[in-house]
Amino acid sequence: SARRELDRQRDGAGGSLRIATGGTTLRHFMTRPLAEFRRRHPAVTFDFVSATSTRQCLDALRTAHADLAFVTIAGDDPLERRPTVRTPWVLVVAADDPRAGGPPPRPAELAAIEPIGMPSHTTSRRQLESELAAHGVRIRFSATVDDWDTAVQLVELGVGPSIVPAMWVHDLADRPGLRALTIEGLRPLTFGWAARRWEALPP
């Protein structure tokens, strides 16, 4: 179509973008935007570089194995980053948990729980622990899993509570066995794009 040809001219001859991210990110953030982008820019192809942590994504950028990465934004880094999503932390419990109908918990109230969490090397786990430490709280994790979807599923199965970004329980209306309580006093977790240099990216 004429519109498609104009898009091709604007984008040049097309090309490929290599994006470093994980499967969880694809499911929660990228499916609809990717479909829309493909409709607008059919000459551009995508290669997803699979990674299981922010550190792996950023390493892929530094070694030129990726052009862009969608990561947890935290700390200082010479790579150029653009925050795009902020989501609060929530305590996810089973619907029959005594805390399910209570008020939003404060950090000090989390000291006694032993939640399901991410591995200790992940950016999100380190940021959560840092936020809790600022309130004098140090928690012991009862189990670690590779992604928040699995953590939420384990809560649903009665394994125990978990602390996850609210984005991961946006579908509570379809999950009557779960409750999510926003944790007051913790800074939201931030996600966004990273690149070596924005100016060096293809149009």
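Modeller: For that, rings of Phe, Tyr and Trp (the six-membered ring of Trp) pair if their centres lie within 6.5 Å; planes under 30 degrees apart are stacked, over 60 edge-to-face, and the rest tilted. Before we go on, this is a predicted model, where local features need pLDDT of at least 70 and side-chain atom pairs pLDDT 80 or more, while totals for chains, interfaces and linings use all residues. Numbering starts from 1 along each chain as its sequence is written, and side-chain values use heavy atoms, leaving out hydrogens and water.

The whole structure has 7 aromatic pairs. One of them is Trp89 with Trp148, an edge-to-face pair at 6.5 Å centre to centre with 75° between the planes. This pair ties together distant parts of the chain, as Trp89 belongs to strand β5 and Trp148 to helix α5, 59 residues apart. (Helices, H or I with at least four residues, and strands, E with at least two, are DSSP runs numbered from the N terminus.)

Are these two buried or exposed? Trp89 has a relative accessible area of 2%, so it is buried, and Trp148, at 9%, counts as buried too. Buried means under 20% relative accessible area, exposed over 50% and partly exposed in between, with a 1.4 Å probe and protein chains only.

Now for the surroundings. Trp89, Trp148 and Phe191 are among the residues with the most contacts inside the largest nonpolar core, along with Ile163 and Val164; that core has 37 residues. Such a core is a set of buried Ala, Val, Leu, Ile, Met, Phe, Trp, Tyr and Cys residues joined through side-chain atoms within 4.5 Å. Elements that each supply at least two of its residues include α2, α4, α5, β8 and β10. The largest share, 5 residues, comes from β5.

Which residues does Trp89 touch, leaving aside neighbours within four places in sequence? Taking contact as heavy atoms within 4.5 Å, Trp89 meets Trp148, Ile163 and Val164, and its other partners include Ser124, Leu128, Thr182 and Arg187. Elsewhere, a second, separate core of 12 residues includes Leu58, Leu61, Ala66 and Val71. In soluble globular proteins, nonpolar side chains tend to be buried together.
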